[in-house]
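Visitor: I would like to go through this model with you. Shall we take it one question at a time?

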Amino acid sequence: MRKLVYYIGLSIDGRIAGPAGEFDFYPLEDDLLEFITTRLPDSLPTHVRSQFGLDAPVERFGTVLMGRGTYQPGLDIGVTSPYAHLRQYVVSSTLPASDDPAVTIVSGDPLELVRRLKKEEGGDIWLCGGGKLAGELLPEIDEMIIKYYPVVAGAGIPVFAGDFQPHLFDLVDTRTFANGTLLLTYTKK
């Protein structure tokens, strides 16, 4: 069965983005970028993959799932299909149907969507944001890969937003990069 993997960048104070969705304050050093391009290249937007000469077939993820706040920055610069190399779903109750046939807007229950996607064949499902959607999908998250950056945001979007619902995870891998960024991998207990 496919897994739902929450792969996300996180500040020391638990923010995945600033108050207006900013994420450019995370320091991205060469060794971390090399790790991402070689180990998790599916997580790079299609227009960025081409800049790195990445045209390899999808390796880990077959589907990407995001909330409107994660999808909106691409729309703001005219990118309607940010992950054209993956099946793309955007969970939003405010976006109209997508003009891009490669992107499916889902206004219904995200838990139902994930449970259906998990039963399909293919690579894992990447939850790339945001915090509200992650809070709703917490019962279905099988693995978390967290880039824990050495920066305090002060305010912004939390990694999980929603009701109090403790879930235990096991730390299964840790990597440290030159600038102090940690890559932590957890699996559901």
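Predicted model: local features only at pLDDT ≥ 70, side-chain atom pairs only at ≥ 80, totals over all residues.

Visitor: Which residue forms a salt bridge with arginine 2?
Guide: The closest N and O atoms of the pair are 3.7 Å apart. The cut-off is 4 Å.

Visitor: How many residues apart in sequence are arginine 2 and glutamate 120?
Guide: Arginine 2 sits in the segment before E1. Glutamate 120 sits in the loop between helix H4 (110-118) and strand E6 (124-129). The pair therefore ties together parts whose separation in sequence is 118 residues.

Visitor: Where do aspartate 142 and lysine 118 lie?
Guide: Their side chains meet in a salt bridge, 2.8 Å from N to O. The two are 24 residues apart, in distant parts of the chain. Aspartate 142 lies in the loop between helix H5 (131-137) and E7, and lysine 118 in helix H4.

Visitor: How many salt bridges are there?
Guide: Side chains of opposite charge can pair when their charged atoms come close. The chain has 17 positive and 25 negative charges, and their mean positions are 6 Å apart. The salt-bridge count is 12.

Visitor: What covers the buried residues of H1?
Guide: Helix H1 spans residues 30-39. Its buried residues include Leu32, Phe35, Ile36 and Thr37. Among the elements covering them are strands E1 (4-10), E7 (143-148), E9 (169-176) and E10 (182-188).

Visitor: What share of contacts with a separation of 6 or more joins residues 24 or more positions apart?
Guide: The chain holds five helices and 10 strands. Of its 189 residues, 44% count as buried. The share of those contacts is 69%.

Visitor: What is the radius of gyration of the chain?
Guide: The C-alpha atoms fill a box of roughly 40 × 40 × 35 Å along the principal axes. A compact globule of 189 residues would have a radius near 16 Å. The chain agrees with that, at 16 Å.

Conventions: Residues numbered from 1 in each chain as written. Heavy atoms only, no water. Helix = DSSP H or I, 4+ residues; strand = E, 2+ residues; numbered from the N terminus. Rg over C-alpha atoms; globule rule 2.2 N^0.38 Å. Buried < 20%, exposed > 50% of the residue type's maximum accessible area, 1.4 Å probe, protein only. Contact = heavy atoms within 4.5 Å. Lys, Arg positive; Asp, Glu negative; His and termini not counted. Charge placed at Lys NZ, Arg CZ, Asp CG, Glu CD.
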